[in-house]
Amino acid sequence: MLRFRKFSVLIFLFLPFFLPVIQPLASRAETRIIESATGDVFELRYRQLQPGEPLAVVWKNAVSDFAGVYFGESSFWLKRDDRPGQFLLLGFDVMSEPGRRVVEIQLWSGGQIKQKLNIELEIAVRDFPKKKLTVAQKYVTPPREVLDRIKREAELLSLVYSSSSSEWLAEGSFILPCEGKLFPNFGQRRIYNNVPRSVHTGVDIAVPPGHPIKATNSGRVVLASDLYYSGKTVIIDHGLGLFSSYAHLSKLLVKRGQMIKKGELVGLAGSTGLSTGPHLHWAVKIYEARVDPLALLELEF
Ligand SMILES: [Zn+2]
């Protein structure tokens, strides 16, 4: 599978102590079936068509030799094989504009395009919360001596997110990385010390320091490092462009390059980096698109 992408920068993290608490909902994913005259059947699986949401495109019944899938600046190339339910993942970034999107699928057999499908998606408006925060000025305007470090780490993260396993490494449904109070703060627009600064691109789970943090699913550890903004951080590549990350840990229990199973420990919770208290910042990306990790829990794989 081929995939082309742009780089994106790290957006950082914070714990709000006084937000209402929510629990994840039971599965309420939607499905949409698209049938082609060639006999190919695709199924779209998603929670909502909104900014910050993932979308799985499943080739339910593969008849053609190849399917080329085009979405925005991304393109994918699937070859029919004997495994039913091949799929790919798309993400609508948290900052993406609402409006119409088209997923184009080209079906090829015998070296010729047999059919083109244009699947229209209407991305609805999503009203993200806003929040004012007061933090140490060094995080809003980092001191000069750490600017090189921040730049290096941003480049490292771009590199980490630029390639993903072409094999799906995850197994079955995704799980919460820990028990704890879950804050519905994905996508929150943040105003630091009265200056609009960033968007909160994960969810926060309040847990005591030292609380065990588990892998949301199986994959390969592609980063286990201490970073300026996110503190001790682990990133797992689950394949097909899907990454999960775990930030502000007090202790890392995995190493880069290591394979990890769903539910195994990645580290212990803490408050390292830009953080006001012990919590887990849990985030998910589909290549450059920053999506709500809670949406992932509701999709069937
Ligand atoms: Zn956070």
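The chain contains three helices and 22 strands, where helices (H or I, at least four residues) and strands (E, at least two) are DSSP runs numbered from the N terminus. Its radius of gyration is 20 Å, close to the 19 Å of the globule rule for 301 residues, so the chain is as compact as a globular protein of that length. That radius is taken over C-alpha atoms, and the rule is 2.2 Å times the number of residues to the power 0.38.

This is a predicted model: local features need pLDDT of at least 70, side-chain atom pairs count only at pLDDT 80 or more, and totals for chains, interfaces and linings use all residues. Residues are numbered from 1 along each chain as its sequence is written.

Let me turn to the sheets; two strands pair if DSSP finds at least two bridges between them. S9 pairs with S11 (residues 189-192) in the parallel sense over four bridges, and Lys131 stands opposite Arg190 in S11.

Another open sheet of three strands has the order S14-S20-S18 and antiparallel pairing. Here S14 (212-214) and S18 (251-252) are the edge strands, each with a single partner, so one side of each is left without a neighbour in the sheet. Two bridges join S18 to S20 (residues 265-268) in the antiparallel sense, with Leu252 opposite Gly267 in S20.
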